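This briefing is for a reader who is new to the structure shown below.

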Amino acid sequence: MTLNAENESNVVQNDPLSPANQWYPIECSSCGTQYTTPPTQWDCKFCQEKYNKKCKVWQNDSHPLSKMCCLCVKKTGFMSRHHCRNCGRVMCGPCVADIRLDLKRLGYPTPQKVCLTCHDTITSTV
């Protein structure tokens, strides 16, 4: 099943030949629902409505490529992995740092941590 989220997305598209861009679909790891754009706060609407369960559809931690940062391609440990709240990709701590931006279009009421690429993309269009 493929759903479209009602929110506009600034999901970043990097160089398609980069190993950092060879990763994951926007898909719920619990029910398998695929999305073409991120749903509100990255929560699977299907799991929420059908099972009353919160499941994130961002890059799954068990995906083999989740063991590396999608920007600098360095290995990440489980405790040093972070998900960018804009693009959903796994990042290392330095590539996410303490950068926070307003992502109300994704349903977040407060500024959220984003990767350096999303920060640059979003702030250059403001």
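Which residue forms a salt bridge with Lys56, and how far apart are the closest N and O atoms? The partner is Asp43, and the distance is 2.9 Å. A salt bridge here is a side-chain nitrogen of Lys or Arg within 4 Å of a carboxyl oxygen of Asp or Glu.

This is a predicted model, in which local features need pLDDT of at least 70 and side-chain atom pairs count only at pLDDT 80 or more, while totals for chains, interfaces and linings use all residues. Residues are numbered from 1 along each chain as its sequence is written, and side-chain values use heavy atoms, with hydrogens and water left out.

**Confidence**

- The chain has a mean pLDDT of 77, where pLDDT is the predictor's confidence in each residue, from 0 to 100.
- A value of 70 or more is reached by 79% of the residues.
- Among the elements, the lowest mean pLDDT, 34, belongs to strand β1 (residues 2–3), and the highest, 93, to strand β5 (residues 100–101).
- Helices (H or I, at least four residues) and strands (E, at least two) are DSSP runs, numbered from the N terminus.
- Residues 1–20 have pLDDT below 50, yet in the model this stretch has 48 contacts beyond near neighbours in sequence; a contact means heavy atoms within 4.5 Å.
- Where pLDDT is low, the predicted coordinates should not be read in detail.

**Salt bridges**

- The count comes to 3 salt bridges.
- Asp43 also pairs with Lys54, with the closest N and O atoms 3.5 Å apart.
- Asp43 is in the loop between β2 and α1 and Lys54 in the loop between α1 and β3, so this pair ties together parts that are 11 residues apart in sequence.
- Asp43 is buried, at 5% relative accessible area, whereas Lys54 is exposed at 60%; buried means under 20%, exposed over 50%, and partly exposed in between (1.4 Å probe, protein chains only).
- The pair of Asp43 and Lys56 joins the loop between β2 and α1 to the loop between α1 and β3, so parts 13 residues apart in sequence are tied together.
- Lys56 is partly exposed, with 31% relative accessibility.
- Lys104 forms a salt bridge with Asp102, where the closest N and O atoms are 3.7 Å apart.
- Of these two, Lys104 is exposed at 54% relative accessibility, and Asp102 is partly exposed at 46%.

**Cysteines**

- A search of the whole structure finds 0 disulfides, a disulfide being a pair of cysteine sulfur atoms within 2.5 Å.
- Cys31 is in no disulfide, and its nearest cysteine sulfur, that of Cys47, is 3.6 Å away.
- Cys31 is partly exposed, with a relative accessible area of 28%.
- For Cys84, the closest cysteine sulfur is in Cys87 at 3.7 Å, which is too far for a bond.
- Cys84 is buried, at 0% relative accessibility.

- The largest nonpolar core has 26 residues, of which Trp42, Cys44, Val57, Met91, Val114 and Cys118 touch the most other members.
- Such a core is a set of buried Ala, Val, Leu, Ile, Met, Phe, Trp, Tyr and Cys residues joined through side-chain atoms within 4.5 Å.
- At least two residues of this core come from each of β4 (90–92), α2 (93–96) and α3 (116–124).
- In α3, the buried residues are Thr117, Cys118 and Ile122.
- Seen down the axis of α3, these residues fall within an arc of 120°, so they line one face of the helix; the arc is that of the directions from the helix axis to the C-beta atoms.
- What covers the buried residues of α3 includes β5.

**Backbone angles**

- Trp42 is not a glycine but has a positive phi of about 60°.
- Trp42 is found in the loop between β2 (34–35) and α1 (45–51), and Trp42 is buried with a relative accessible area of 0%.
- Asn52, also not a glycine, has a positive phi of about 50°.
- Asn52 lies in the loop between α1 and β3 (81–83) and is exposed at 70% relative accessibility.
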